Amino acid sequence: MKKKLHIHSDNSSWAGCENMPGIFLQNKVLNNEFDLTFSYRYSKEYVKGFNEWVTGIFCKSANERIDSSKRDVFPLRLPISFLYKIRLYFRPVMALGYFFMLYEGFVLCKLIGQLRPDVLHINNGGYPGATSCNSAAIAGRLMGVPKITYMINSTTKNRWWERPMTWLVKKCVTKFITASKYCRDQSKFLWVSIIVKENASNGKNWVTINWEVIPNTVLSRECTSIWLLRGGLDKAIKKSDIMFLCVGNFEERKGFKDAIEAFGKIKCDNPRVLVIGGSGPEGSNLKKLAEASTSLVLVEENDDFDTYSLIKSCDVLLVPSIRDEDFPNVILIGLMMGKPIVASNICGIPELFKSDFTYLINPGDVSRLKVLVSRLLLEAGERKRLGAANKQLFLDQYSTDKIIERYIDLWTQ
C-alpha cells in the first residue's frame, strides 16, 4: 500500500517558489511511490498559475507527467489574505498574523486529520514567510504526522517577535530543506542538533542537524519557435543579432540596470541586442531606457509571456542580481537548454556551477560584466563550449529523475 504524502504551499501567486510542488504533482515516479494531495491558500492569481503550470498549457507536451487535474487539491480560503492586501498600505498590520494563525491551525488540523498523511511537506517562500506554512507544521505535529519536511526557497529572518513561533515550528519539523548550502548556513537559528550514534569507546557522539540540502530542478516543455518569438518582439531581432537576455521581476535587486550599463559600454560593432523580460515596480524606468535605445528590448509580462521561450531564444543568459537570491529557476532553465550564462557571485548562485566556473561577477561589478559580455559577443566558439558544458552539468546534477530520487529517499527513510 502506498504511503500518503500531503503538500501544503502558500504564496500570493504561482511564483518561482512554487516550482517544486508543481513538479511533485506531475512526476510519475513520485506518484507511483505516494498518494499525493495538495493544499494552498486560495487567490485568483495562484489558481491561474496552478492551472497553467500544473494542469494546463505549460505541461501538456510532457509524456512523463500525470493528469494532475484529477487529484485531490484543497484551496483554503484563509482570512489572512485580507491582511496581505492591507499590508501594501500599512505594514504593521501584519502583527495581527499571530491571531490569524489560530484559525489557520484549526483549518489545517481538520484537513490533515481527514487525510492522515504519512508525510507532510510544507513549501514556503522564505522564513518566516507565509503564516499558513508555519500553521501547517504545528497542525501536522498536533495531528500526529510522523514526518514533516519544510522547504525554504529564499531568505530567512530571525526577528525577535517571531521567535516564540519559531520555537514551536522547530519542535514540529522533522527536516528543513533548502536548495543551497548558503541558505542552510544563513539559517542556523532553525538548526536542531540530533545525536545519531553514541560511541561508548571514546564518549563522542555522531551529531547531525535537522536539515537537508536538495537542489531544485525544472521541467522541460515545448517552446515557441525561436525566430517566431524574435520576430514578434516590439523591436524585431535579426538572425544576425546576438541576443543577451535578463528575465525576472523588475526590481532593483535583480541588477538589470547594471546589465544595461555594461551593454552600453561595449564598443565593438558586432550586431547585438539586450532583451529584458518580466514585470514589476521598476517597469516604467526600464521602459524609458528601452525607448531611448535601439539595442534594448523590453518584454513585459502578460498572458502570452513565456520565460521558457525567451530563454530558448537567447544566445546568452545574464543574471546580474545584487542580493536576495538563492537558487534561481531561470539559471536552471538556462543550464537545461545549454545556454551560456553570466551570473552574480552571491547567495546560492555559485553552488549551481562547478568550482572552476569563470563567468561569475561580484554584485554591481559593471566593468567585469562588460568584459564577460564582450567575450561572449565576440567568440562564437566560447558560447558553444560554455553552453555544452552547462547542459551536461544539468544532466549530471539537476535532472528531474535525480532530484526526485533524493526526495523519495528523504520521505521513505
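Which residues form one aromatic cluster? The members are Trp14, Phe38, Tyr40, Tyr46 and Phe50. The model in which they are found is predicted, so that local features need pLDDT of at least 70 and side-chain atom pairs count only at pLDDT 80 or more, whereas totals for chains, interfaces and linings use all residues. Residues are numbered from 1 along each chain as its sequence is written, and side-chain values use heavy atoms, with hydrogens and water left out.

A pair of aromatic rings is described by the distance of the centres and the angle of the planes. Here the rings of Phe, Tyr and Trp (its six-membered ring) are paired if their centres lie within 6.5 Å, and planes under 30 degrees apart count as stacked, those over 60 as edge-to-face and the rest as tilted. By this criterion the structure holds 21 aromatic pairs. One of them is the stacked pair of Phe38 and Phe50, with 5.9 Å from centre to centre and 5° between the planes. Because Phe38 belongs to strand S2 (residues 34-41) and Phe50 to helix H3 (residues 44-53), this pair ties together parts that are 12 residues apart in sequence; helices (H or I, at least four residues) and strands (E, at least two) are DSSP runs, numbered from the N terminus. Phe38 counts as buried at 0% relative accessibility, and Phe50 likewise counts as buried at 6%, where buried means under 20% relative accessible area, exposed means over 50%, and partly exposed lies in between (1.4 Å probe, protein chains only).

Another stacked pair is made by Phe176 and Trp211, at 5.2 Å centre to centre and with 25° between the planes. This pair links distant parts of the chain, with Phe176 in strand S6 (residues 175-178) and Trp211 in strand S9 (residues 211-213), 35 residues apart. Relative accessibility is 0% for Phe176, which therefore counts as buried, and 6% for Trp211, which also counts as buried.

Strands S2, S6 and S9 are among the 7 strands of an open sheet, which has the order S3-S2-S1-S4-S5-S6-S9 and parallel pairing; two strands pair if DSSP finds at least two bridges between them. Strand S3 (72-76) and S9 stand at the edges with a single partner strand each, so one side of each is left without a neighbour in the sheet. Neighbouring strands of this sheet are turned by 20° against each other on average, direction ignored. Within the sheet, strand S1 (residues 3-9) pairs with strand S4 (residues 119-124) in the parallel sense over 5 bridges, and Ser9 has Asn123 as its bridge partner in S4.

Helices also lie across these strands. Helix H1 (residues 19-26) lies across S1, S2 and S4 and runs at about 145° to S2, while helix H5 (residues 97-115) lies across S1, S2, S3 and S4 and runs at about 170° to S3. For these angles, axes are lines fitted to C-alpha atoms, for helices over the stretch in contact (heavy atoms within 4.5 Å), and angles run from 0 to 180 degrees between N-to-C directions.

Finally, the cysteines can be considered. A search of the whole structure finds 0 disulfides, a disulfide being a pair of cysteine sulfur atoms within 2.5 Å. The sulfur of Cys172 is too far for a bond, because the closest cysteine sulfur, in Cys109, is 10.0 Å away.
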